[in-house]
Amino acid sequence: MKATALAPSNIAFIKYWGKKDEKLRIPLNGSISVNLSNLTTTTTVEFDKELLADEISINGKKEENTVRRVIEHLNRVRNLAKINFRAKVMSINSFPASSGLASSASGFAALTLAATKAIGLKLDEKQLTILARLGSGSACRSIPDGFVEWFEGESSETSYAKTIFPADYFDIAVVSLIVSKESKILSTTEGQKKVIGNPFMKIRLSRMEEKINMIKKFIERKDLDHFGKLSEEEALEFHSMTLTSNPPVFYWLPQTVKIIHLTWQWRKEGLPVYFTIDAGPNVFLIIKKDYLEKLKTKLKESNVQKYIVNYPAGGVRLITKHLF
Ligand code: DP6
């Protein structure tokens, strides 16, 4: 009753921010992302009838809130399988623990596949995305391969994720720049609750369907310029939602702003590079693979040293090497 899974993190170009059902994690809008090859989580789960309590270790730590969410997720799996054994769970990230890149998406995607496999459940991809979503919304997008759409849905069964283009369809790289090592000032779950009552959310949501259709069209056409500009516009709109929440949340640091300006300057100089930013200060640069070396030179010239280069990647998978 033991299995190990490896899951990529993902970055959303059209973002999930706000839930219409808090408990079921049904989002206010659909979202579009790509899996990231070099930001991964590996998780081993073993169910054992002799264990008296779940034993959870995440990156060598037992952080209270994370442990609670992991146990809640194990309970979902136990309920589905109708087996009540406790489990040992060990999870590690491919990136440094202190990079500020800690991701609930890769974490809950890996946990979902490892736990369901270890307990003997046979779920198809769609069912896995639905189960992963209950752990952390963005985790559902780390289950399928490549470029992924999470359909907003109206119920748990209709809010799921699916590949829209394979990983090798659009030859981009996503470079995560590590601006701050600190973990988030406010968790995404808490941050999202603050959209309630934000008058600007209405306008955002009224344009979401169109935005999703546009970004899909730009990926289909491999049109980096329009794709990149829409990703930037969306990232700025998402951060304006956090800024206009009550109380406001401001995730950026001075270095975040500096990189935004550098991106625009490099673009003026002829380098086709674009940014997106999640709920934190780190910036993700989007570029065609062919221009990666030029971007690295620019980063060096600007004294940006800490970054991780990612390519579009496959989704969650089982691996044979267990962590314990
Ligand atoms: C800004 O998936 O972390 O990264 O469902 O509460 O666990 P919970 O939230 P989470 O939110 C991710 C928010 C985001 C945008 C995105 O990935 O779409």
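Student: Quick one to start: does Thr112 count as buried or exposed?

Tutor: This is a predicted model, where local features need pLDDT of at least 70 and side-chain atom pairs count only at pLDDT 80 or more, while totals for chains, interfaces and linings use all residues. Residues are numbered from 1 along each chain as its sequence is written, and side-chain values use heavy atoms, with hydrogens and water left out. Buried means under 20% relative accessible area, exposed over 50% and partly exposed in between (1.4 Å probe, protein chains only). Thr112 has 0% relative accessibility, so Thr112 counts as buried.

Student: Which residue's backbone oxygen does the Thr112 side chain reach?

Tutor: Thr112 belongs to helix H2 (residues 104-119); helices (H or I, at least four residues) and strands (E, at least two) are DSSP runs numbered from the N terminus. At 2.6 Å from that side chain sits the backbone oxygen of Phe108.

Student: Leaving aside neighbours within four places in sequence, what does Thr112 contact?

Tutor: Contact means heavy atoms within 4.5 Å. With neighbours within four places set aside, Thr112 touches His73, Leu128, Leu131 and Ala132.

Student: At what angle do the axes of H1 and H2 cross?

Tutor: Helix H1 spans residues 64-81, and its side of the meeting includes His73, while the H2 side includes Thr112. Axes are lines fitted to C-alpha atoms, for helices over the stretch in contact, with angles from 0 to 180 degrees between N-to-C directions. These two come within 10 Å, crossing at roughly 35 degrees.

Student: How many of the eleven residues of helix H3 are buried?

Tutor: Helix H3 covers residues 125-135, and its buried residues include Leu128, Leu131 and Ala132. Among the elements covering them are H1 and H2. H3 is largely enclosed by the rest of the structure, because its buried residues number eight.

Student: On to the rings: is the Phe13 and Phe227 pair stacked or edge-to-face?

Tutor: Rings of Phe, Tyr and Trp (its six-membered ring) pair if their centres lie within 6.5 Å; planes under 30 degrees apart are stacked, over 60 edge-to-face and the rest tilted. The count by that rule is ten aromatic pairs. With 4.7 Å centre to centre and 65 degrees between the planes, Phe13 and Phe227 are edge-to-face.

Student: How many residues apart are Phe13 and Phe227?

Tutor: Both Phe13 and Phe227 are buried. Phe13 lies in strand E1 (residues 2-14) and Phe227 in helix H7 (residues 224-243). The pair links distant parts of the chain, with a separation of 214 residues.

Student: Over which ring does the charged end of Lys222 sit?

Tutor: A charge sits over a ring if NZ of Lys or CZ of Arg is within 6 Å of the ring centre and within 35 degrees of the ring normal. Lys88 does this over Phe324, at 4.4 Å from the centre. For Lys222, at 4.2 Å, the ring is that of Tyr169.

Student: Last one: how far apart in space are Ala313 and Glu301?

Tutor: Ala313 is in the loop between strand E12 (307-310) and strand E13 (317-319), and at 13% relative accessible area it is buried. Ala313 and Glu301 are twelve residues apart in sequence, yet their C-alpha to C-alpha distance is 29 Å.

How values were computed:
A polar contact is a pair of N or O atoms within 3.5 Å; within protein, one must be able to donate a hydrogen and the other to accept it, and residues adjacent in sequence count only if both atoms are side-chain atoms.
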